[in-house]
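Please read this note with the sequence and the 3D structure open side by side. Each point may be checked against the coordinates.

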Amino acid sequence: MLKPKLLSGSIDLKGNFIKQKAIRTQSLKNIYDTEKVTEFTSFFDALCVMTRYDKLPELVEDSFSFFQEYLGVAPEDIMLRINSEDADLIKASEGIDKKVKREYDTRPVKYYKHKYGLDEQGIYGRNMNFALLDRFTGEYKDVGNIIVLESKDKKYGAELALGIQPIVMRMYGIPTSLEASYIADVVDLDSPKKLKYAESLIVVANLNKEDVMKNNRKRYPIYLYKKYLRALKFWQEQLGVSKVKLMTQLQDYLQLEYNPEFEYTIQTKLLNNRERIEDKERDDL
């Protein structure tokens, strides 16, 4: 959505902001393997702010205001991981609280590089990464980054990219992104099997909400949807979940995920007078 503004040089003077639901399928290869429960699962909420390159210092300052003033994160619980060769990123971060920890060159070089899907145009990213103190492990773990988007001869812009679930995980010591999402209010995530079931359910629910089978002309999203649907059916059978219960859980999850009343609340719970699905089977579940 923001790429056309980046390429055309039409980023607004005050920047542009989006919040979007995203699916990454790296954990799909382990969806049937209960021995491999990954920290990050397929679904997450992403925040993105894009500004002009000359607004990079303001973007850094606003990012830390978000962490410290809005979320209440102590500066000593924040870490910046930077490549020492990225002088502009280092300079842009000079004005932030001195209690914020900094690491230089502690990761491989590729860690500080960012692909943006614009390789054909010769546009790539250099990033510094935000990490928060994880209350569960006591380690500083990444939650997002600030990226300079450029080609060999042009600075296109700067971007802040954050994941909502990773922030919640670090702040409250939650070990998996599923347990930091609305699905945790619907499914008891007390076993690896239930985590796999919930991951399949959350992707199927969101793609159903987007009506991926009708609204997408590309074959790959439909192919992925069918893969998650197959996994959902498998774990439904493994756990002995009835079709009625599955559909009720799907409905309850979507009611939370897409209900604007819950958009900015910390604690969520199911509505008391929700409408229940009738006891009938669906052909696609």
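1. The model under review is predicted. Its chain has eight helices and eight strands. Of the 285 residues, 46% count as buried. Where contacts join residues at least 6 apart in sequence, 64% of them link residues at least 24 apart.

2. Strands S1 and S2. How many bridges join S1 to S2? There are eight bridges, and the two strands run antiparallel. S1 covers residues 16-23 and S2 covers residues 43-51. Within this pairing, Ile18 has Cys48 of S2 as its bridge partner. Eight of the nine residues of S2 are buried, so this strand is largely enclosed by the rest of the structure.

3. Strands S2 and S8. S2 also pairs with S8, in the antiparallel sense, over six bridges. Two positions illustrate the pairing: Ala46 stands opposite Gly163 of S8, and Cys48 has Ala161 of S8 as its bridge partner.

4. Strands S7 and S8. S8 spans residues 155-163 and is mostly covered, with seven of its nine residues buried. S7, which spans residues 140-150, is joined to S8 by seven bridges, and these strands too run antiparallel. One of the bridge pairs consists of Ile146 and Leu160, the latter in S8. S7 and S8 form a hairpin, with four residues between them.

5. Glu199 lies in helix H5, which comprises residues 192-209. Apart from neighbours within four places in sequence, Glu199 is in contact with Ser27, Ile31, Thr41, Ser42 and Leu178.

6. Aromatic pairs. A pair of aromatic rings is described by the distance of the centres and the angle of the planes. The model contains eight aromatic pairs. Why is the pair of Tyr32 and Phe234 called edge-to-face? The ring centres are 5.1 Å apart and the planes stand at 85°, so the pair is edge-to-face; the cut-off for this class is an angle over 60 degrees. The pair links distant parts of the chain, 202 residues apart: Tyr32 belongs to the loop between S1 and S2, whereas Phe234 belongs to helix H7, residues 219-239. Tyr32 counts as partly exposed because its relative accessibility is 41%. Phe234, with a relative accessible area of 33%, is partly exposed as well.

7. An aromatic cluster. Phe64, Phe66, Phe67, Tyr70 and Phe130 form one aromatic cluster.

8. Charges over rings. The charged end of Lys21 sits over the ring of Tyr258, at 4.9 Å from the ring centre. The charged end of Arg107 is placed over the ring of Tyr111, at 5.1 Å from the ring centre.

How values were computed. Residues are numbered from 1 along each chain as its sequence is written. This is a predicted model: local features need pLDDT of at least 70, side-chain atom pairs count only at pLDDT 80 or more; totals for chains, interfaces and linings use all residues. Side-chain values use heavy atoms; hydrogens and water are left out. Rings of Phe, Tyr and Trp (its six-membered ring) pair if their centres lie within 6.5 Å; planes under 30 degrees apart count as stacked, over 60 as edge-to-face and the rest as tilted. Buried means under 20% relative accessible area, exposed over 50%, partly exposed in between (1.4 Å probe, protein chains only). A charge sits over a ring if NZ of Lys or CZ of Arg is within 6 Å of the ring centre and within 35 degrees of the ring normal. Two strands pair if DSSP finds at least two bridges between them. Contact means heavy atoms within 4.5 Å.
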